[in-house]
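User: Hi! I'm new to reading protein structures. Could you walk me through one?
Analyst: Happy to, let's look together.

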Amino acid sequence: KGSKNIIRLCAGYITKSKILIEGTNNKIELNGLIRNSNILVSGNNNQLIINKNTSLLKLKLVIRGNNCRVVIDEYTTFGSGYLICMGNANYVEIGKDCQIADDASLWATDSHPIYDLNGEIMNPSKPIMIGDHVWICSDVSISKGVTIGEGAIISANSVVTTNIPAHCIASGNPAKVIAENIYWRP
């Protein structure tokens with residue numbers, strides 16, 4: 001729906017998935033495997049880039065707003081879950097070679113704005129940035145405004161509300177660093 005919207009399927013493969021674009025001048029570039037997923041891009045001038053050799057399974061991906069951007073880089077896998085980016089000029093960036101397990105939730109927004117009595121938004125949307133080679137285990141929730149450094153591991157059932165440094169393991173609710181100077185291999 002709308003006008004001047006572009007979906008470009010380059011080297012990707014889509015099966016049993018739905019893609020809906022509403023608004024004007026939105027761009028979607030798909031280069032990976034997308035299976036059993038739902039993608040909604042709503043608003044104006046939004047961008048979704050899924051780079052080559054990625055795998056998205058049972059993912060609900062929503063971009064709603066204006067001038068928002070979601071980028072999932074090469075060799076990243078995403079099991080079932082949610083990736084939500086809303087607002088104005090907000091973004092989610094996921095680096096190369098990341099493994100995101102089932103039922104992960106990345107919310108770069110609170111979904112509904114809350115206003116003070118002067119009409120100012122009290123809970124603005126904020127970006128999420130995930131570095132290269134990050135392992136996010138199952139049932140992890142990542143809140144808006146969080147950066148996770150390269151090579152980090154987020155333990156299962158964790159809730160990430162603050163930044164996590166590179167090469168650390170974080171665990172808990174809220175997630176806290178429990179080990180440093182680590183690396184992992186698939």
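**A first look at the chain**

Analyst: The secondary structure of this protein chain comes to 0 helices and 23 strands. Both are DSSP runs numbered from the N terminus: helices are H or I with at least four residues, strands are E with at least two. The radius of gyration is 16 Å, close to the 16 Å from the globule rule for 186 residues, so the chain is as compact as a globular protein of that length. That radius is taken over C-alpha atoms, and the rule is 2.2 Å times the number of residues to the power 0.38.

User: Where does the model come from, and how are things counted?
Analyst: It is a predicted model, where local features need pLDDT of at least 70 and side-chain atom pairs count only at pLDDT 80 or more, while totals for chains, interfaces and linings use all residues. Residues are numbered from 1 along each chain as its sequence is written, and side-chain values use heavy atoms, with hydrogens and water left out.

User: How many bridges join β6 and β9?
Analyst: There are 7 bridges between β6 (residues 38–44) and β9 (residues 59–66), in the parallel sense. Asn-38 has Lys-60 in β9 as its bridge partner, and Ser-42 has Arg-64.

User: And on to β12?
Analyst: β9 pairs with β12 (residues 81–88) over 8 bridges, again parallel. Leu-61 stands opposite Leu-83 in β12.

User: Let's zoom in on Leu-40. Is it buried or exposed?
Analyst: Leu-40 is buried, with a relative accessible area of 16%. Buried means under 20% relative accessible area, exposed means over 50%, and partly exposed is in between (1.4 Å probe, protein chains only). Leu-40 lies in strand β6. Leaving aside neighbours within four places in sequence, its contacts are Leu-20, Glu-22, Leu-61, Val-62, Ile-63 and Arg-64. Contact here means heavy atoms within 4.5 Å.

User: What about Asn-46?
Analyst: Asn-46 is in the loop between β6 and β7 (47–50). At 1% relative accessibility, Asn-46 counts as buried. Beyond neighbours within four places in sequence, Asn-46 touches several residues, including Asn-25, Val-41, Ile-63 and Cys-68.

User: How much of the chain is buried?
Analyst: Of the 186 residues, 42% count as buried.

User: Now Ala-156, where is that?
Analyst: Ala-156 is in the loop between β20 (153–154) and β21. Ala-156 is partly exposed, at a relative accessible area of 36%. Ala-156 and Ser-171 are 15 residues apart in sequence and 7.4 Å apart in space, C-alpha to C-alpha.

User: New topic: what is the volume of the largest pocket?
Analyst: The volume is about 170 Å³. The residues lining the largest pocket include Met-86, Asp-110, His-112 and Ser-125. On a 1 Å grid over the protein atoms alone, a pocket is an open set of points with protein on both sides within 12 Å along at least five of seven lines, and lining residues have an atom within 4 Å of a point. Points are joined across faces, edges and corners, and the volume is the space filled by probe spheres set on them.

Definitions and conventions:
Pairing = 2+ DSSP bridges. 1 Å grid on protein atoms, 1.4 Å probe; cavity = no way out; pocket = protein on both sides within 12 Å on 5 of 7 lines; lining within 4 Å.
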